[in-house]
Amino acid sequence: MPTIRARLLAVLVVLCGFLTVTGTPTATAATVPGSLPFDGTPLTVSGGRFVDAAGREVVLRGYNVSGETKLAENKGLPFASVADARKSATALRALGGGNSVRFLLSWAYAEPVRGQVDTAYLAAATDQMRVFLDAGIRVHPDFHQDLHSRYLFDPDSWYTGDGAPRWAVDLGGYPDESCGICFFWGQNITQNGAVKAAQHDFWHNAHGLQDSFLATAQQTMAYVRQHLTAEQFAGVLGFDPYNEPYAGAYDSGQTSRTWERDLLWPFYVRFRARMDAAGWQDKPALVEPNLFWNANIGSQKQEGGLLDAGTLGSRYVLNTHFYDQKAISAVLMWGKAADGQYAGDFGAVRDRAAAAGTAAVVSEFGHPLSGTVSDKAPTVLKAMYQALDSRVKGAGWWNAPAGSGPVLSGNQWQWDIYHGRHHEPMNGNPDKVLTAGDAWNDEDLSAVRLDDSGTVTLRQDARLLDRVYPSATAGTTLAFTYEDRSRDGSTTLTWNPVPSTLPHVAQLVGSGQYGVLVWRSGGTAAPTELHLPASFPTASTTVVSDLGTVHGPPAYTATTAIAAAAEPGGTGSRRLLLTAPGPGTVHHALVTNGATSPSASLLAAARAELSAWAAQKLG
């Protein structure tokens, strides 16, 4: 979440060995609606990218589901029911344009008694997870923690946490919690003595806490694997072992870098072994560095990024978060975010992943949607999505597209359908029931809510959230950009206008949204795919490519160069499919909703301009 934090997946659990991982999943198989032959295969990490069985580069975009897990009202589950989970999954696909979720789990509810995993909790969580998988949405679970545990905090405290069970806190005998003079909940991470001591204990395996947590994690993963079908389990990306890790307090002579090397990385190696034992050996661990490694306030930044872990390769993914703490502070960034604001921050993520030889995912990013800094949200989020798409700012993209870098996967914080309708006794206090916002430490970041009729409704501009992105590229992505024309109040934000040197392309796009993808084809027969937002109805979508020009793409067939089809899951979401012959050729495609019945001559002129531009800039 925002502010200066480092959730400690306060963990524990003791071996409770009745869960096994041998054999195949036992649930009954069911085909995901709308699937095509190349859909639904497991993802692996190769060449620093997520790839499917056809060898296509895959980009994952979506949301965290959800902060509700941090609350007691639904007993550590993201949803009150499977029906609510299904409603949320359908909307996340159809309204939010997502193809993935980070699915939050609670250690406190998974192991409420030391050594006794609550299989009823695991069953309920798996049932809710299954709904997203059946909607064609890839899932990576996360044992979430913030400030180690809610059980560190007094009933009348200003703050709360989540993560570790009560028994784990009781073992520590921690001092009465106090943050002192704090303006943000995240300051507890470095100022609250009880939180710091509990974090320190976990990383040093005091009282066997880390052992217990790892045992519970293994049993959880084994349960999930056994209770999903093979097709559903194929949609599980991997596992996030620990949310926003931080030392609590450094030992004498220890630095942030040596803490990562000597304590954090060995924990990830142990977790990786538990994944293997649970039957997750073909899925990566999505590992987070010290949460302050990429802070954008100099006084908070600490050396890190798993610099001494060597090559992460295919068994680990660099998993990080990014919040603009300057913008959130209300004093360190005046005004709003601008074009290219976060190109450097997200470029650092790309560079660190490349150096580690693995893929990257930004599994949390966002900005408060109410309060004194909420006016910055439209520009901050636009700039963050822009930085996920490309490391080149919009104003310079057409001149230097080759500098784009890989398109990053990411999950916005958060997708909580219960926003503003909570009933959460904070820290168990019946006289302090929270209903507003996210009902947790005054946060308000949910992209959605339920209206009075129970319908999921966006709280942010649909143009910002439901985006064109290359969900699968048959080859190697060379450059990508998307101009969403999202709004800041009544102002339309256009940070990447088509240059005047491409007059026919500019005429075709007009005031509409557009995306451009340039890729080098691989050796697969499976097509390149781009997600089509709801604002791109098939009948009014125009595509200009070296593969041809189309206004209103036809239904997909294996021999149709430019086509449209439903995305898997039966939610009504759609995709553009581009089938290119032969490996090694550079291809390009522009997709826009700005044209109304464009003439053949305009399409031909735009195609000629775009082809000349691609040849000049990207060969």
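A residue is termed buried under 20% relative accessible area, exposed over 50%, and partly exposed in between, with a 1.4 Å probe and protein chains only. By that rule tryptophan 259 is buried, at a relative accessible area of 1%. This is a predicted model, in which local features need pLDDT of at least 70 and side-chain atom pairs count only at pLDDT 80 or more, while totals for chains, interfaces and linings use all residues. Residues are numbered from 1 along each chain as its sequence is written, and side-chain values use heavy atoms, with hydrogens and water left out.

**Aromatic pairs**

- Rings of Phe, Tyr and Trp (its six-membered ring) pair if their centres lie within 6.5 Å; planes under 30 degrees apart count as stacked, over 60 as edge-to-face and the rest as tilted.
- This rule gives a count of 36 aromatic pairs.
- The ring centres of tryptophan 203 and tryptophan 259 are 5.4 Å apart with planes at 90°, so the pair is edge-to-face.
- Tryptophan 203 belongs to helix α6 (residues 193–203) and tryptophan 259 to helix α9 (residues 256–277), so the pair ties together parts that are 56 residues apart in sequence.
- Helices (H or I, at least four residues) and strands (E, at least two) are DSSP runs, numbered from the N terminus.
- Tryptophan 203 is buried, with a relative accessible area of 3%.
- For tryptophan 397 and tryptophan 398, the ring centres lie 5.3 Å apart and the planes stand at 85°, so this pair is edge-to-face; tryptophan 397 and tryptophan 398 are both buried.

**Helix α7**

- The 18 residues of helix α7 (residues 209–226) should span 26 Å at 1.5 Å a residue, and the end C-alpha atoms are 26 Å apart, which agrees; the expected span is 1.5 Å times one less than the number of residues.
- Of the 18 residues of α7, 16 are buried, so α7 is largely enclosed by the rest of the structure.

**Backbone features**

- Valine 65 and serine 66 are joined by a cis peptide bond with omega of about -25°, and serine 66 is in the loop between β4 (61–65) and α1 (82–94).
- A cis peptide bond also runs from tryptophan 413 to glutamine 414, with omega near 0°; glutamine 414 lies in the loop between β10 (409–412) and β11 (424–425).
- Asparagine 205, in the loop between α6 and α7, has a positive phi near 55° and is partly exposed at 24% relative accessibility.
- Aspartate 442 has a positive phi of about 65° although it is not a glycine, and is exposed, with a relative accessible area of 80%.
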